[in-house]
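Please look over the sequence and the structure shown here.

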Amino acid sequence: MPSDVAQVAEASWASTPAIRRSMQSNRSHDTKPELALRRALHARGLRYRVCAKPLPDLRMKADLVFRPARVAVEVRGCFWHGCKLHCRKPSANSDYWTAKIDRNIARDLKNEMALRQAGWLLIAVWEHEEPSAAAAEIDKLVRDRRSP
């Protein structure tokens, strides 16, 4: 059995077992920036769906979905989504991570276009943004889109 574990570790994308453990422990939802934004939006009286599909045919779950207003919100991590301000090229395994981030950016653009074509608005909130400021902007857009 130990040889199977060694083979899996050898085939890993991670440069070391410690990095693999660290990356596997990253959360895909309920992150600190996402929770802070949700608290700020809830305090403003907004209600939303969490980790929901805005469109049934789209292979995407948005962090927050306001169905009546047709607004989806994604809280994006600077590293994972290639923030122009904070994403730095990794020094270890850089070919893999550069390609991975490029694929994430392409997927984000594809999803945004699909939502736009279906009449939805996708709001991207970066992890470095102030939650209260982002909540104020989202609040305004959601209320504007709800009103006739």
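The structure holds five aromatic pairs; rings of Phe, Tyr and Trp (its six-membered ring) pair if their centres lie within 6.5 Å, with planes under 30 degrees apart counted as stacked, over 60 as edge-to-face and the rest as tilted. This is a predicted model, in which local features need pLDDT of at least 70, side-chain atom pairs count only at pLDDT 80 or more, and totals for chains, interfaces and linings use all residues. Residues are numbered from 1 along each chain as its sequence is written, and side-chain values use heavy atoms, without hydrogens and water.

**Aromatic rings**
- Tyr-48 and Phe-66 make an edge-to-face pair, 5.8 Å centre to centre with 70 degrees between the planes.
- Tyr-48 sits in the loop between H3 and E1 and Phe-66 in strand E2, 18 residues apart; helices (H or I, at least four residues) and strands (E, at least two) are DSSP runs, numbered from the N terminus.
- Phe-66 has a relative accessible area of 1% and is therefore buried (buried is under 20%, exposed over 50%, partly exposed in between, with a 1.4 Å probe and protein chains only).
- Phe-79, Trp-80, Tyr-96 and Trp-97 form one aromatic cluster.

**Helix H3**
- Glu-34, Ala-36, Leu-37, Arg-38 and Leu-41 are buried in H3.
- Among the elements that the buried residues of H3 pack against are strand E1 (49-52) and helix H5 (131-146); contact means heavy atoms within 4.5 Å.

**Helix H4**
- The buried residues of H4 include Trp-97, Ile-101 and Leu-115.
- Gly-119 follows H4 and has a positive phi, near 90 degrees.
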